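This report describes one protein model, its helices and some of its side-chain contacts. Please look through the sequence and the structure before reading on.

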Amino acid sequence: MAEATLSEASARFAATLKDSARPAAMAEVNRFVRWCGPERPVSQLRGHEVSLYADVLGPATAEASRRAEQVRAFLVYLKKEGLQ
């Protein structure tokens, strides 16, 4: 089986979310995936890059924290599913 790309992994993640939570979560996860490269294999994702994306979110505000939490949930999902 071929390794999952970030785009494929985000689609799997979306399927695990409740309908009411999906739009907000996936808006931020999709931004993260586009920033990293959608066709990039999940295994090539590095912590340093996640840190750089956190810098893109800007100063620590309630909105930035909410956006970061969406990405964090995606990263936890990748780890839990053995994709990362």
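Trp35 is partly exposed, with a relative accessible area of 38%. The cut-offs used here are under 20% relative accessible area for buried, over 50% for exposed, and partly exposed in between, with a 1.4 Å probe and protein chains only. Trp35 sits in helix H2. Helices are DSSP runs of H or I with at least four residues, numbered from the N terminus.

Together with Leu52 and Val56, Trp35 makes a nonpolar surface patch of about 260 Å². Patch residues have over 30% relative accessible area and no salt bridge; like charges are joined within 9 Å, and nonpolar side chains (Val, Leu, Ile, Met, Phe, Trp, Tyr) within 5 Å. Accessible areas come from the Shrake-Rupley method with a 1.4 Å probe, and for residues only the protein chains shown count as cover.

## Basis of the model

This is a predicted model, in which local features need pLDDT of at least 70 and side-chain atom pairs count only at pLDDT 80 or more, while totals for chains, interfaces and linings use all residues. Residues are numbered from 1 along each chain as its sequence is written, and side-chain values use heavy atoms, without hydrogens and water.

## Helix H2

Helix H2 covers residues 22-36, which makes 15 residues. From first to last C-alpha, H2 reaches 20 Å, close to the 21 Å expected at 1.5 Å a residue; the expected span is 1.5 Å times one less than the number of residues.

Which residues of H2 are buried? They are Ala25, Met26, Glu28, Val29, Phe32, Val33 and Cys36. These residues cover an arc of only 165 degrees around the axis, so they lie on the same side of H2. The arc is that of the directions from the helix axis to the C-beta atoms. Pro23 and Arg34, on the other side of H2, are exposed. The buried residues of H2 pack against helix H1 (6-16), helix H3 (47-56) and helix H4 (62-80), where contact means heavy atoms within 4.5 Å. Just after H2, Gly37 has a positive phi of about 115 degrees.

H4 has 19 residues and spans 27 Å between its first and last C-alpha, close to the 27 Å expected. Its buried residues are Ala64, Arg67, Gln70, Val71, Phe74, Tyr77 and Leu78. Their arc of only 155 degrees around the axis puts them on the same side of H4. Ala62, Val76, Lys79 and Lys80 are exposed on the other side. The buried residues of H4 pack against H1, H2 and H3.

In H1, the buried residues are Leu6, Ala9, Ser10, Phe13 and Ala14. They cover an arc of only 145 degrees, which places them on the same side of H1. Their cover includes H2 and H4.

## Salt bridges

How many salt bridges does a search of the whole structure find? It finds six, a salt bridge being a side-chain nitrogen of Lys or Arg within 4 Å of a carboxyl oxygen of Asp or Glu. One of them joins Arg67 and Glu28, at 2.6 Å from N to O. Arg67 lies in H4 and Glu28 in H2, so this pair ties together parts that are 39 residues apart in sequence. Both Arg67 and Glu28 are buried.

Glu49 and Arg40 form another salt bridge, with the closest N and O atoms 2.7 Å apart, and both residues are buried. Glu63 also forms a salt bridge with Arg66, again at 2.7 Å. Glu63 and Arg66 are three residues apart in H4, which means about one helical turn separates them.

Note on methods
Helix = DSSP H or I, 4+ residues; strand = E, 2+ residues; numbered from the N terminus.
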